[in-house]
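Please read the following account alongside the sequence and the three-dimensional view.

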Number of protein chains: 2
Amino acid sequence: MSKPSIPKGTRDFGPVIMARRNWMFSIMRRSFERYGFQPIETPAMESLSTLTGKYGDEGDQLIFKLLNNGDFMAKANSNALDSKDSKALLPSISKKALRYDLTVPFARFVVMSRNDLAFPFRRYQMQTVWRGDRPGKGRYQEFTQCDADIIGSESILCELDLMQLFNEVLSGLGVPGYQIMVNDRRLLNGLARSWGIESQFSDLTVALDKWDKIGEDGVRKELHERGMSSEQIENVMSIFDLLDSQDVFARLKGVQALLLPEDEEAQNAHNEVLKLLEMAIDSGVPISCISFDPTLARGLNYYTGAIFEVRVKDAPVGSICGGGRYANLTGIFGWEGMSGVGISFGADRIYDVLEHFQAFPVESSTGPQVLVLMLDHDAEAGVLKMTSALRNKGIRASAYPSVAKLKKQMKYAADLGVNFVVMAGEEERLQKEWTVRHMETGQQQQLSEAAVLDLIRTTL
Amino acid sequence: MSKPSIPKGTRDFGPVIMARRNWMFSIMRRSFERYGFQPIETPAMESLSTLTGKYGDEGDQLIFKLLNNGDFMAKANSNALDSKDSKALLPSISKKALRYDLTVPFARFVVMSRNDLAFPFRRYQMQTVWRGDRPGKGRYQEFTQCDADIIGSESILCELDLMQLFNEVLSGLGVPGYQIMVNDRRLLNGLARSWGIESQFSDLTVALDKWDKIGEDGVRKELHERGMSSEQIENVMSIFDLLDSQDVFARLKGVQALLLPEDEEAQNAHNEVLKLLEMAIDSGVPISCISFDPTLARGLNYYTGAIFEVRVKDAPVGSICGGGRYANLTGIFGWEGMSGVGISFGADRIYDVLEHFQAFPVESSTGPQVLVLMLDHDAEAGVLKMTSALRNKGIRASAYPSVAKLKKQMKYAADLGVNFVVMAGEEERLQKEWTVRHMETGQQQQLSEAAVLDLIRTTL
């Protein structure tokens, strides 16, 4: 028999990691619901046609496709078989695929459920997504996204709500030194107009989006390869100078100065971003956690207004959250003109950050707090009684299920990381007193059942 | 553009359903942890070789296989292509598949993590599984299992723990009229020995397992087709007579009478089942919720001792939980002799039962409790202030994000199902008093901010 293994890019989560993940998700869920977001879930399997064409050619390649069940070759495209053409063969042997993100399934859900939903519709969704990316440090083929979106309103109060939500969740999780980076696609549009490169807008955003991977020189090179003149490139690079100031409003002012004064759309966008930042600070988001970054572009094409990214100072990963406004997300499924704005928390990266800074709190452990030991064969009834009594008080407890040497049972208790052990044996039967041991201090006492429960409850 | 849809056998879960599902999962999680079970999760994608051969030929057919990414045809088996042989082609174009249950991945996890775990290891796992079954009422291609297992102990206290856990979870969820059915594979073995049909044991269990679908006559026919004599069949059917008594212990006594007195293994099993049932009742599981069913067989081959199934009286679905003892689960991955026992809660069926009996409690709703209305353009600051104040008190609140007719905003509040609306407008700015309306009674008051918060907190 070969040694079992799991596919590369996937992970098993053992008890310690899972307890922390569950704690993370519970903090997020509580914040989402406090902000009036409602939960939905969509199937892991979507029709292949729902997903293809939504993430670009590269994305299409990375979508995991499910083989049709049964005798899939019976309906396989013969021409494609003859020419061994994987791409042409695909639709005849696969009808379903695994979701690649939560945004496209959300758009499909909204279109299909439009008659049952009240708009603006605020939903949160915390589910696994799958991507056939090359696995690497912090990059998995299976990971969890936690999204919050508001669809059906153009109001900037929605952006504000999401900035407050970033702050609520990330401070609730104790993420140290997070920075909510803000920009607006309309400002980038305005800059492109003022530099006369409107027609190369997507070249601009693609190049900017690579900045944290390729650096400023890389961006220059990329823009050059995409056909921009030296003057145009220098214009673009001038926005990096704005990053010299740490002052949010100074940076924004700097961008405004680069816009054409008569460019009403861009000037309006500037005013809106200014208002958004002011409101966010007024409503309690610490100014130290907010940044305006004119070089922020976000790769995805569907963003049309405000865009967000959250980075963590000195963290071993890139951005941990992202998002933005999209004017027409449901248009891909035939429902035009529904504007919305959404953000996504990358749970796996947030986990990595918290682990890096050793920032998980004690309460993120959910292992048993007490182990009841069985000292001899007659102790069974006592073990059951004490275990039930502990659980009835809401204490997480289990019992050693058979008689074994005390040393072995104590080692098991230590491995489990319990706070107390309670021993059931002859002493307990004769004197009605239990030996209870505090694992951390090693202090051991003989107490009545009620006193044992009291001691444990007050100490935990 | 074609109308979007989702694959048959899959479901979208909207806000009402999701809130109830989350409530269910939180009750289960709390009980699992109180019983000292620790959470793990395994990847949705397993190596194909991990899953195949574990669920029988029929099961293998129902496993969802993932097509290799990229140019999968490049490595396709040429002979299989020429002969259009799906089964022979499969291993050359697919290396991964979706998990089919949580038990096999758990066994793999235990073998791979054996050095990091303390045994007996108690784990719970709540995750989606996928099966290419024909979709039907209560039968989905994607559904959630919630499993609790104890591996590494032969003690009957483990069985007892799981019976208590059934009771704790199902009473916690308010499932009405649940029956925990108990039997033991070793009793069935003993009966087979006493009837001289040991060699047809798996025919026996397969036929019994179909009883609730095909009835007693169906079981007779099945046994006949599998080559049993009339006398053997009458012997088997005699255990159905034992069901005439509702008394747990009378039934068990009836089975004992059918065992060979010198069959030590079977007699021991009888004594253990008797002890288990007595202990379960002693430890607080209501006798009305426990049943002993000598016809219970459970189809799966890996069960070797106690077996469980939970059914609900007058419910529209079959069993909602199952489980049992397995002497050698990890043997399939090369680690022999680890005995364990586990149970599985079928979350989707439990949901269907609770919905059928309209048994979801009020607290299973997590929608916004308050909507703050925006009566005019100057009300923005007031809206923000009140919304934040509500959220800071832990109240689930959102705001109407733009000015709209009062009627429209009130309709939205009603659609959301909020308990209160609070209005921000001129009155609030001039008099510092907010109009707050209780949606259920229609009662409307003018109150200070503090009084609004008090009223809402005390009413909710």
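In this predicted model, A:Arg108 and A:Glu46 form a salt bridge in which the closest N and O atoms are 2.8 Å apart. The two partners come from distant parts of the chain, 62 residues apart: A:Arg108 belongs to helix α6 (residues 103-112) of chain A, and A:Glu46 to strand β2 (residues 45-47) of chain A. Both A:Arg108 and A:Glu46 are buried.

A second pair in chain A is made by A:Lys385 and A:Glu449, whose side chains meet in a salt bridge at 3.0 Å, N to O. This pair also links distant parts of the chain, since A:Lys385 lies in helix α15 (residues 380-392) and A:Glu449 in helix α18 (residues 449-459) of chain A, 64 residues apart. A:Glu449 counts as partly exposed because its relative accessibility is 24%, which falls between the 20% limit for buried residues and the 50% limit for exposed ones.

In chain B, B:Glu309 and B:Arg298 form a salt bridge with their closest N and O atoms 2.9 Å apart. B:Glu309 is part of strand β9 of chain B, while B:Arg298 sits in the loop between β8 (290-292) and β9 of chain B, eleven residues apart. Both B:Glu309 and B:Arg298 are buried. Salt bridges may also share partners, and in this way A:Asp203, A:Lys210, A:Glu222 and A:Arg226 are joined into one network. Over all chains, the count comes to 48 salt bridges.

Strands of a sheet pair through backbone hydrogen bonds, either parallel or antiparallel. In chain A, eight strands form an open sheet with mixed pairing, in the order β1-β5-β6-β11-β10-β9-β7-β8. Its edge strands are β1 (38-39) and β8 (290-292) of chain A, each of which pairs on one side only. Strand β1(A) runs parallel to strand β5 (residues 121-130) of chain A, and two bridges join them. A:Gln38 stands opposite A:Arg123 in β5(A).

How enclosed is strand β10 (residues 321-326) of chain B? Six of its six residues are buried, so β10(B) is largely enclosed by the rest of the structure. Both of its faces are covered, with B:Cys321, B:Gly323 and B:Arg325 buried on one side and B:Gly322, B:Gly324 and B:Tyr326 buried on the other. Strand β9 (residues 306-312) of chain B runs antiparallel to β10(B) and is joined to it by four bridges; here B:Val310 stands opposite B:Cys321. Six bridges join β10(B) to strand β11 (residues 340-346) of chain B, again in antiparallel fashion, and B:Gly322 stands opposite B:Ser344 in β11(B).

Attention now turns to a helix of chain A. Helix α14 (residues 347-356) of chain A is mostly covered, with seven of its ten residues buried. Among these buried residues are A:Ala347, A:Ile350, A:Tyr351 and A:Leu354. The buried residues of α14(A) pack against several elements of chain A, including α1 (15-34), α7 (156-173) and β11 (340-346). After α14(A) comes A:Gln358, whose phi is positive, near 50°.

A:Thr205 lies in helix α9 (residues 201-209) of chain A and is buried, with a relative accessible area of 2%. Leaving aside residues up to four places away in sequence, A:Thr205 touches A:Arg185, A:Leu188 and A:Ala297. A:Gln246, by contrast, is found in the loop between α11 (230-241) and α12 (248-258) of chain A. A:Gln246 is exposed because its relative accessible area is 65%, over the 50% limit.

The final topic is the interface. In it, 99 residues of chain B are in contact with 99 residues of chain A. Chain B and chain A bury about 8300 Å² between them, 61% of it on carbon and sulfur atoms. Within chain B, the residues that lose the most area to chain A are B:Pro4, B:Arg34 and B:Arg391, together 8% of what that side buries. Six salt bridges are found across the interface. One salt bridge between the chains pairs A:Lys275 with B:Glu380, the closest N and O atoms being 2.9 Å apart. Helix α1 (residues 15-34) of chain B gives the most to the side that touches chain A, with seven residues. The residues of that side of chain B divide into 51 nonpolar, 27 polar and 21 charged.

How values were computed
Residues are numbered from 1 along each chain as its sequence is written. Chains are lettered from A and ligands numbered from 1 in the order in which they are written. This is a predicted model: local features need pLDDT of at least 70, side-chain atom pairs count only at pLDDT 80 or more; totals for chains, interfaces and linings use all residues. Side-chain values use heavy atoms; hydrogens and water are left out. Buried means under 20% relative accessible area, exposed over 50%, partly exposed in between (1.4 Å probe, protein chains only). Contact means heavy atoms within 4.5 Å. Buried area is the accessible area (1.4 Å probe) that two parts lose on being put together, summed over both. A salt bridge is a side-chain nitrogen of Lys or Arg within 4 Å of a carboxyl oxygen of Asp or Glu. Ala, Val, Leu, Ile, Met, Phe, Trp, Tyr, Cys and Pro count as nonpolar, Asp, Glu, Lys and Arg as charged, and the others, Gly among them, as polar. Two strands pair if DSSP finds at least two bridges between them.
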